[in-house]
Amino acid sequence: MNSAYKKEIRYTLIFSALLLICGHLGLLFVAFPGLQNHMIFGFPSQYIIPITFGWLVLMVVVGFQAKLTNALDDEIEELNAGLSENVE
Amino acid sequence: MEHEKWVLEDPMLGMIFVGASFVFFYLIGWYSQRAAKSSTDYWTAGRSIGSITNGLGMASSYMSLATFMGVTALILKLKVPFVYMWIQFALSIPLITLWYGTPLRRMGAFTPAHFVRERYGVHTSYVTVVFMILIMVMYALGQMIGVAKVFEMLFGINYNLALICGGALIVGYVTIGGMYGTSYNAAFQMILMGVAFIIPLGAIMKAMGGTGWYFPPLLYSDMVPAMLDAVPDFFDMKYGFKWYLSLIPCFTLGAMGLPHLGMRVYTSSNLKSARGAMVWFTFFCGIVFCSTYTMGFSGVYFQATSGSAIAPTDFDKITLILNSVYNPAWVLAFVIAGAIAAGLSTISANLMAIGAMIAQDIIATIKPNLSDKTMKVIGYLAIAGGGATSILIALNPPDFLVVSILWAFGLAGVTVAPLVMLGVWWKPANRYGATIACLVSGLTYIVVAPYFFPSIVVGGGLEAKVGMTGSLLCVPLCFFLLTTVSMITNKIPALMNRFDYQKDHVLIDKIHGWSDSSEERYNSNTAGIIVAAVSLFFCIYAVLPGGW
């Protein structure tokens with residue numbers, strides 16, 4: 001099995017986990033109530049951290065996702081080109 | 001305390017702004033329509049939309065009338081837990097793009113149902129199309145009713161007249177413009193609604209004494225101490241672990257199953273552009289979502305500190321009320337135009353999805369040899385027919401269709417998302433597993449909702465009404481059935497010989513970009529067993545009492 005395929009699976013699982021973390025930090029605060037009510041930037045932690053992760057951190061993650069998956073597409077295309085040359 | 005009923009004092013300016021915006025929508029629709037040379041162009045905008053326009057369009061399809069009305073009402077009612085419910089909606093397009101958007105774009109799909117037809121066969125696709133159309137009608141209906149109510153308030157006419165006039169105007173420009181018009185209009189509507197929401201919000205914050213008025217999405221911490229004095233429980237998490245966990249199957253996976261969101265990815269000029277659009281989507285979505293929380297925060301703050309109690313029936317008008325209190329009349333008129341634009345962008349996307357499914361997934365399947373010209377006419381008729389049906393239903397909507405739009409998200413998560421996700425990533429998934437999983441879990445979701453058989457309900461309260469309890473059970477149920485039934489039927493040659501499953505395997509390699517086909521890829525039975533085991537665990541966890 002080639003490395004591009006393994007990379008594709010790895011990226012999908014890792015980015016799915018990262019995206020879910022960014023959008024569902026409420027779970028963390030309800031599972032560990034001790035994390036609540038610390039003031040950060042003037043807001044309670046359980047409010048501002050999920051909001052910041054759900055927008056700004058998410059943008060960073062999505063930016064990396066776009067960059068890496070674009071590079072992976074190029075890698076698969078190169079493999080395909082190599083395959084068709086071998087066939088010829 | 002006596003509640004003050006809020007009414008619009010001077011509707012003339014609102015009419016002018018709304019009228020002018022409709023003129024723009026029609027011009028954009030008419031101008032864009034000229035670029036559609038074939039029926040494929042009509043449904044996919046010639047697969048030519050650039051990343052910024054598409055990012056705006058994606059965000060716009062998501063910013064429904066709820067952004068201006070429903071969300072702030074629910075923040076007023078539920079306070080912070082509703083913010084958590086909303087935050088995760090920004091994951092939709094990145095997850096769709098990651099899991100199936102780009103493969104389906106590569107395949108040249110019109111809708112997710114198109115993929116289901118190619119992957120699982122015609123009969124399975126009919127089952128999913130029925131669910132998808134039901135979901136889209138529920139979604140469009142909620143928006144249509146909302147827009148009619150704004151028209152009713154604005155023009156002082158009765159609801160039925162407002163619905164027919166407003167509905168006809170909307171259906172007209174969507175039908176004329178097709179996906180080209182819808183995409184460019186959606187981009188314009190996103191800018192309009194963003195400006196109409198955020199800038200007046202800054203003025204409201206300034207009038208309330210907030211020092212961060214120049215960046216409303218995040219800079220209102222100076223109002224927090226006063227909020228904590230007035231409403232000490234505003235930041236309380238209130239609910240248990242299950243409540244927050246169920247947001248994943250109900251709304252995150254639910255949004256992944258919504259056909260009108262997936263269709264935005266298929267209009268991209270290429271895969272890199274689709275991924276670029278995803279980044280822009282996150283930016284536009286985030287800035288408006290964060291501003292919505294600020295508006296909700298300001299609404300609660302206003303109600304707690306101003307001494308003027310808002311009637312519960314007016315909770316959904318809090319954005320308009322704050323603007324009427326703190327901003328000049330012309331700003332309020334501009335905000336109303338923005339709210340209508342938000343409703344229209346969602347209805348447009350819903351109607352495009354309904355039309356594409358009727359024309360491409362039903363009619364083109366039954367009559368595959370129709371000419372492109374005929375298909376284009378069918379396209380116009382499908383959208384106009386879908387729109388007219390939505391208007392007719394909205395005149396006297398049956399109770400079961402006006403359940404929360406959020407409940408429709410759960411239905412999409414139960415019936416569509418697992419089929420498409422596993423269909424793209426797991427070769428052993430087959431048509432028997434898909435059909436049984438979609439039907440059984442979809443019907444179970446309907447049965448355990450509080451609307452139909454009140455004696456058979458999983459959980460209760462708001463979480464049952466919006467489909468969270470049902471999704472926590474039925475989404476894993478769908479994954480469990482799809483994986484187990486597929487693995488069992490794959491061992492029965494009499495069933496597998498009825499169709500060419502090798503063709504399905506080739507399709508999967510192809511949509512991932514591979515020019516060759518290999519049985520080593522996307523073909524792990526271990527993965528299927530893990531998915532089945534985890535799904536079964538969550539099915540059991542969902543029906544255990546407590547935790548909400």
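Student: How many cavities of 30 Å³ or more does the structure hold?

Tutor: Start with the general idea. Rolling a probe the size of a water molecule over the atoms shows where empty space is left. Now the case here, which is a predicted model. The structure holds 3 cavities of 30 Å³ or more.

Student: How much space lies in the largest cavity?

Tutor: About 160 Å³. Its lining has 15 residues. The closest to its centre are Glu8(A), Thr69(A), Leu98(B), Thr102(B) and Arg275(B).

Student: Which helices each supply at least two residues of that lining?

Tutor: Look at both chains. Chain A gives helix H1 (3-23) and helix H3 (45-87), and chain B gives helix H7 (92-107). The largest share, 5 residues, comes from H7(B).

Student: What classes of residue make up the lining of the largest cavity?

Tutor: Sort the residues by class. The lining has 6 nonpolar, 5 polar and 4 charged residues.

Student: What volume does the second largest cavity have?

Tutor: About 70 Å³. Residues of chain A that line this cavity include Cys22(A), His24(A) and Pro50(A). From chain B, Tyr84(B), Ile87(B), Tyr244(B) and Leu247(B) are among the lining residues.

Student: Which helices each supply at least two residues there?

Tutor: H1 and helix H2 (26-31) of chain A, together with helix H6 (80-87) of chain B.

Conventions. Residues numbered from 1 in each chain as written. Chains lettered and ligands numbered in written order. Predicted model: local features only at pLDDT ≥ 70, side-chain atom pairs only at ≥ 80, totals over all residues. Heavy atoms only, no water. 1 Å grid on protein atoms, 1.4 Å probe; cavity = no way out; pocket = protein on both sides within 12 Å on 5 of 7 lines; lining within 4 Å. Points joined across faces, edges and corners; volume = space filled by probe spheres on them. Helix = DSSP H or I, 4+ residues; strand = E, 2+ residues; numbered from the N terminus. Nonpolar A, V, L, I, M, F, W, Y, C, P; charged D, E, K, R; others polar.
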